[in-house]
Amino acid sequence: MKNPLSSSASTSSFLRKSRLSPYYLFTLFAFIVFVTILYTEDFSCIFRQLDADHSNKSLINRTPAEKKKKAKLPFSVGRRSLEGCDVFSGKWVKDEANRPHYQESDCPYIQPQLTCQEHGRPDKDYQFLRWQPHGCSLPSFNATLMLETLRGKRMLFVGDSLNRGQYVSMVCLLHRLIPEQSKSMETNGSLTIFRAKDYNATIEFYWAPFLLESNSDDAVVHRISDRIVRKGSINKHGRHWKGADILVFNTYLWWMTGLKFKILKGSFDDEVKDIVELSTEDAYRMGMKSMLRWVGKNMDPKKTRVFFTSMSPSHQKSIDWGSEPGGNCYNQTTIIEDPSYWGSDSRKSIMQVIGDVFGKSSVPITFLNITQLSSYRKDAHTSIYKKQWSPLTPQQLANPLSYADCVHWCLPGLQDTWNELLFAKLFYP
């Protein structure tokens with residue numbers, strides 16, 4: 001056995017020689033350089049992986065719009081004037097010089113449920129309000145730019161009657177630039193198509209209040225209180241959406257039937273139907289995940305854009321904004337000034353579901369968060385100033401509160417602002 005001291009002495013002798021000999025110094029330096037070159041690529045790979053892991057974790061906590069922020073999105077014109085500005089946070093200001101964008105009587109495409117002036121609304125102040133974000137201004141809606149962008153393309157709104165209102169608003173904002181003989185609108189079942197023939201463009205609406213197949217899918221007869229949605233059925237409607245270049249989804253109000261919601265496993269044609277009840281939040285989560293999967297499989301993020309419009313608030317309870325109980329939007333002609341106002345009809349738990357599902361998804365969808373800014377607008381509903389599909393009873397006529405529509409919005413009006421926000425996010429994301 002070697003003496004440890006002897007081994008130590010040998011090492012000491014080597015070090016002394018190394019310190020004294022240039023040859024040993026050169027050999028040691030060459031060895032260090034060799035090892036460094038040999039392992040540099042491995043270290044680089046490790047650091048790149050750590051950096052990638054960090055980036056992926058960051059993406060999980062960012063919205064789809066933020067994930068794509070660095071890349072130029074389809075239809076973006078490249079100007080970043082809105083960068084760092086939350087366009088959904090702001091206040092309403094009066095702007096009689098620039099509002100409304102069009103006159104109700106000049107747009108023949110507005111359904112009679114939304115033509116408030118025609119049906120006797122005495123005031124017009126709701127038409128003169130402009131949304132002013134904090135810290136920036138929305139770009140002016142440019143109908144020429146929008147139409148040129150849509151040349152040879154298909155823009156499609158999918159959802160319920162509130163999304164149809166936004167669709168009609170978009171048509172009204174654009175149609176005056178198109179000669180009378182070069183435009184048309186037709187409805188066939190669930191699909192309504194506005195054609196701008198000179199542009200070879202279509203702006204369309206597809207009725208699908210849940211996005212998935214349901215027992216409320218008839219575009220005309222759909223007032224069903226016992227609503228049922230079929231699980232995993234988005235392709236029933238989704239096959240009609242393929243080929244869209246710009247897609248705008250909404251779904252919310254039809255899910256709000258209570259704390260529970262019925263989900264069908266199987267088919268509506270089954271003699272014995274397998275129906276389960278989920279919490280409304282879990283049922284809505286199922287719908288959101290189905291939509292995201294469909295978008296991921298069918299929309300090319302390099303060529304198309306997809307938007308999702310958040311819940312449209314209603315104003316059914318005057319006590320929410322500090323008025324006497326028992327009232328609603330009827331006879332309301334002023335906005336809600338409290339910046340923190342949130343009505344009881346807008347479920348925060350649903351907003352949390354949207355945030356959770358979208359936040360965990362890498363599917364690029366731009367979120368149009370219209371809920372808060374629309375919550376201030378108790379003045380903008382159609383109320384009693386609309387076509388009534390059934391004759392009103394003497395009791396209803398004696399109490400307008402009983403039949404005021406506090407869900408839908410007059411046109412021109414609030415939903416034109418939704419399209420201004422859509423315009424801003426499409427061209428200046």
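Cys 172 has a relative accessibility of 1% and therefore counts as buried, a word that stands for under 20% relative accessible area, with exposed meaning over 50% and partly exposed the range in between (1.4 Å probe, protein chains only). The model is a predicted one, in which local features need pLDDT of at least 70 and side-chain atom pairs count only at pLDDT 80 or more, while totals for chains, interfaces and linings use all residues. Residues are numbered from 1 along each chain as its sequence is written, and side-chain values use heavy atoms, with hydrogens and water left out.

The partner of Cys 172 is Cys 107, to which a disulfide joins it (S to S 2.0 Å); a disulfide is taken to be a pair of cysteine sulfur atoms within 2.5 Å. The torsion about this S-S bond of Cys 107 and Cys 172 is about -85°, so the disulfide is left-handed. Because Cys 107 lies in the loop between S1 and S2 and Cys 172 in helix H5 (residues 161-175), the pair ties together parts that are 65 residues apart in sequence. Helices (H or I, at least four residues) and strands (E, at least two) are DSSP runs, numbered from the N terminus. Cys 107 is buried as well, with a relative accessible area of 4%.

In total, the structure holds four disulfides. Another of them joins Cys 85 to Cys 136, with an S to S distance of 1.9 Å. Its torsion is about -65°, so this disulfide of Cys 85 and Cys 136 is left-handed. Cys 85 lies in the loop between helix H3 (64-67) and strand S1 (90-94), and Cys 136 in the loop between strand S2 (129-133) and helix H4 (143-149), so the pair ties together parts that are 51 residues apart in sequence.

A further disulfide connects Cys 116 and Cys 410 (S to S 2.0 Å). This pair links distant parts of the chain, 294 residues apart: Cys 116 is in the loop between S1 and S2, and Cys 410 is in the loop between strand S14 (405-409) and helix H11 (414-427). Both Cys 116 and Cys 410 are buried. With the bonded cysteines of the chain numbered in sequence order, the pairing reads 1-4, 2-5, 3-8, 6-7.

The strands come next. In a regular strand the side chains alternate between the two faces of the sheet. From S3 (residues 154-159), Arg 154, Leu 156 and Val 158 point one way and Met 155, Phe 157 and Gly 159 the other way, and all are buried. Strands count as paired if DSSP finds at least two bridges between them. S3 pairs with strand S6 (residues 201-207) in the parallel sense over six bridges, and Met 155 has Ile 203 as its bridge partner in S6. S3 also runs parallel to strand S8 (residues 246-249), to which four bridges join it; there Val 158 stands opposite Phe 249.

Ile 203 and Phe 249 return in the largest nonpolar core, which has 100 residues; together with Trp 241 and Met 291, they touch the most other members. Such a core is a set of buried Ala, Val, Leu, Ile, Met, Phe, Trp, Tyr and Cys residues joined through side-chain atoms within 4.5 Å. A second, separate core of nine residues includes Cys 116, Cys 329, Tyr 385 and Cys 410.
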